[in-house]
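The sequence and structure are shown first, and a description follows.

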Amino acid sequence: MADGPKAEHLRDALNDNERVHPLVAVGAVNALAAHVAAEAGFDALWVSGLEVSAAAGLPDANVLGSRDLADVVASLGRVTDLPAIVDVDNAGGSPLTAERFARDLLRAGAAAVCVEDSAYPKCNSFAAHRNQALADPDLLCEQVRHVRKVVGDELVVIARTEMLIAEQDLAAAIARAHVYAEAGADAVLIHSKDPTGGEARAIAEAWNRAVPLVSVPTAFPDLSAADLREAGYRLCIYANQLSRAALGGMRAAAHQFRHAGSFRSTGTASLAEVGDLLRVGEPEALSCL
């Protein structure tokens, strides 16, 4: 992405009708993940409420504050200039808390925030032990307007609806997304957990606004980013895959140690070199291992 204000270039890229490929963001819970994302050529980073909560040993239920997220954003900026899109969940459930999230995250270096219409306290979209409850759509509209008031266009604002997660119908979800677009959102995200991807395609087919569509294809990995762009999405967010890969890799390495009595790279438990870790924070560092 071009040099200059990150929000401006992210907004321009989202609105570029000539782009053949969608923008692709990946979850980055720390500088190590951001380093990997930059190496792999991702367009943007996603600071996921679930990932940050899990990394801190906390439930994904509005326990995080703006400073928790701002600290992560600042760490990402130490290793890459990729724009950071921050998942602020329902932004604390009020317009004033949304203002604080926006101010703190802008100062930390974020390019965008994504605010959703889950009721406070939030429920993770994929939770099976609780049902998603929804806030009044007027609240999210007011939060969007308050964010605009305090940061102007210095942050891209993505409005996300959990209508389909709460088992409402597609027409109602589209109607809510229209209201959020009219309130001033730069892009809208209608979240889906349909594993076939059919619902995601139906969303794009029904969307008739110029405001860009965003997808989080966690539940439907068989739809590629190219498939989603062809359907009409401008941004695809792979929200938690790097943390899940890291968790799987750590378990494999720990399991290998418990059986073999030492840590060695194997086909199922590959270890990066010590120098790789050194170079995340100090690119010119050398290591004997």
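## Helix α1 and the basis of the model

Helix α1 (residues 6-14) lies across β1, β3, β4, β5 (156-161), β6 (187-190) and β8 (233-238), and α1 runs at about 55° to β5. Contact means heavy atoms within 4.5 Å. Axes are lines fitted to C-alpha atoms, for helices over the stretch in contact, and angles run from 0 to 180 degrees between N-to-C directions. Helices (H or I, at least four residues) and strands (E, at least two) are DSSP runs, numbered from the N terminus.

The model is predicted: local features need pLDDT of at least 70, side-chain atom pairs count only at pLDDT 80 or more, and totals for chains, interfaces and linings use all residues. Residues are numbered from 1 along each chain as its sequence is written, and side-chain values use heavy atoms, with hydrogens and water left out.

## The barrel

Eight strands form a closed barrel in the order β1-β2-β3-β4-β5-β6-β7-β8, with parallel pairing. From one strand to the next, the twist averages 25°.

One of these pairings joins strand β3 (residues 84-87) to strand β4 (residues 112-116), in the parallel sense and over three bridges; two strands pair if DSSP finds at least two bridges between them. Within this pairing, I85 stands opposite A112 in β4.

## Helix α2

In helix α2 (residues 31-40), the buried residues are A31, A33, A34 and A37. Their directions, taken from the helix axis to the C-beta atoms, fall within an arc of 155° when seen down the axis of α2, so they line one face of the helix. As a general rule, an α-helix has 3.6 residues a turn, so residues three or four places apart point the same way. The face of α2 turned away from its buried side carries the exposed residues E39 and A40. Here, buried means under 20% relative accessible area, exposed over 50%, and partly exposed in between (1.4 Å probe, protein chains only).

The buried residues of α2 pack against β1 (23-27), β2 (44-47), α4 (66-77), α10 (241-260) and α11 (274-281). A246 lies in helix α10 and counts as partly exposed, at 37% relative accessibility. Between A246 and A33 there are 213 residues of separation in sequence, yet their C-alpha atoms are 9.2 Å apart in space. G41, whose phi is positive, near 90°, follows α2.

## Salt bridges

The whole structure holds 16 salt bridges, each defined as a side-chain nitrogen of Lys or Arg within 4 Å of a carboxyl oxygen of Asp or Glu. In one of them, the side chains of R11 and D186 meet at 2.9 Å, N to O. This pair links distant parts of the chain, with R11 in helix α1 and D186 in the loop between α7 (170-182) and β6, 175 residues apart. Both R11 and D186 are buried.

E116 and R160 form another salt bridge, their closest N and O atoms being 3.3 Å apart. Because E116 lies in strand β4 and R160 in strand β5, the pair ties together parts that are 44 residues apart in sequence. Both E116 and R160 are buried.

D153 and R148 also meet through their side chains in a salt bridge (4.0 Å, N to O). D153 counts as exposed at 54% relative accessibility, whereas R148 is buried, with a relative accessible area of 18%. Salt bridges that share partners join R11, R148, D153 and D186 into one network.
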